[in-house]
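Visitor: Please show me how to read a fold, one feature at a time.

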Amino acid sequence: MDKKERKQKKTTKRKAELKPGDFWLMLIVMILVIFGLIMVFSASYYYSISQAGNAYSYLLRHGLWVILGIGVMILGASIDYRIYRKAAVPFVIIIGVLLILVPFIGTTVNGATRWLSIGPITIMPGELAKPAVILFTAWYLSEKPDRIKSAVRGILPLIALAGVYGALIIKQPNLSTAITVCGIVVAMMLVAGMKWRYFFGAAGIGAGGILSILMFARGSYWYTRLTSFTDPFADPLNDGYQAVQSLLALGSGGLFGVGLGKSVQKNLYLPEPQNDFILAIIGEELGYIGVLALIVVYCLFVWRGSHIAMNSPDQFGMLLASGIVLMVAIQVILNIAVVTSSMPATGINLPFVSYGGNALLIFMFCSGVLINISRHGPKTTGVK
């Protein structure tokens, strides 16, 4: 048997050993995506009429992104996740370069410069920063697992990466995405075995930075952003406008909601309701019960993702799966915090549900990666 035949036989054997992907995770993702499609149509109905002259503009565009998302999820589920190890360093460098370029050649919308336009294609380097730090952190800590025990060789390089990425994203400005990126890195280090004293040290530094702004930078842009959420009704027509409209929507929904499609706040009161504040429309139309049901589905996603991570065949797969689950969980928490005025209003979408092609494709591809990891571990198609 020659070398080519042996290689082909080995590849065939490896494929035969692959297990079915995690059925429950696939089902959960599709429930979220289909629900998102329905709510994007409902939330964008009047805004779409005012912007495009018809009620179906955002529905059709989001529907196209959903179809593409299903394709990239299948692609992610088909590619052996271990291949991504080789791309960890180049990917994090490329995204870093794109983040540096954003302030200089980026597209500005509503006072924020977060997009790069390449012909008809628009990308958000801030969104790509999330999978970039997940992949790099998983690779870095799995190459030499003992690194996490060293502050110099393990923790500081990753903190530096998170700090650089976070600072570049804040310049856009995009506070919530910066928090997400930094939160992912720190949480992955905890999963890898970082001692809690380092975590509390990093948290102390962050809290000190915020406190210094509150004490010495009164009247500045960041002071206003960091404090306006505490009493949005104090300035309901300017800094507190989105938060006020969001709270009115949630309050109007009550326990069971006013009914699907019957929101008042989406009638050009809440700006671009199909985007970051779509949860407010869900709360108004489906009520507290609807929001609670959605949170339960997200918890099920975290459950299945955590199960896949714990049953991964290697350290890299475990950290990669953990990072993806943490990305979704952190973003859901931050979105809920923004919509309920528990933190400053800043652009962060609701995973799988909010309108937006960049974010949806990233979340669905990452879900495909999770499914691929589940195919290499113990059988996960049943409930455990």
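Visitor: Which helix holds L158?

Guide: Helices are DSSP runs of H or I with at least four residues, strands are runs of E with at least two, and both are numbered from the N terminus. L158 lies in helix α6, residues 151-170. The model is predicted: local features need pLDDT of at least 70, side-chain atom pairs count only at pLDDT 80 or more, and totals for chains, interfaces and linings use all residues. Residues are numbered from 1 along each chain as its sequence is written, and side-chain values use heavy atoms, with hydrogens and water left out.

Visitor: Is L158 buried or exposed?

Guide: Buried means under 20% relative accessible area, exposed over 50%, and partly exposed in between, with a 1.4 Å probe and protein chains only. L158 has 0% relative accessibility, so it counts as buried.

Visitor: What does L158 touch?

Guide: Contact means heavy atoms within 4.5 Å. Not counting residues up to four places away in sequence, L158 touches F136, T137, Y140, L141, V185 and M189. L158 and L141 are 17 residues apart in sequence, and their C-alpha atoms are 9.6 Å apart in space.

Visitor: Which residues have the most contacts inside the largest nonpolar core?

Guide: A nonpolar core is a set of buried Ala, Val, Leu, Ile, Met, Phe, Trp, Tyr and Cys residues joined through side-chain atoms within 4.5 Å. The largest one has 96 residues, and Y165, M189, Y298, L320 and F352 have the most contacts inside it. Helix α12 (residues 315-339) gives the most to this core, 15 residues. Leaving aside neighbours within four places in sequence, Y165 contacts V92, I95, G96, L99, A129, A132, V133 and V181.

Visitor: Why does the span of helix α3 agree with its residue count?

Guide: The expected span is 1.5 Å times one less than the number of residues. Helix α3 (residues 57-78) has 22 residues, so it should span 32 Å, and its end C-alpha atoms are 32 Å apart. Its buried residues, among them Y58, H62 and M73, pack against α2 (23-52) and α13 (357-376).

Visitor: How many residues of α5 are buried?

Guide: In α5, 17 of the 19 residues are buried, and the helix is mostly covered. Helix α5 (residues 125-143) reaches 26 Å from first C-alpha to last, close to the 27 Å expected.

Visitor: And the whole chain?

Guide: The chain has 13 helices and three strands. Buried residues make up 47% of its 384 residues. Of the contacts with a separation of 6 or more, 75% join residues 24 or more positions apart.
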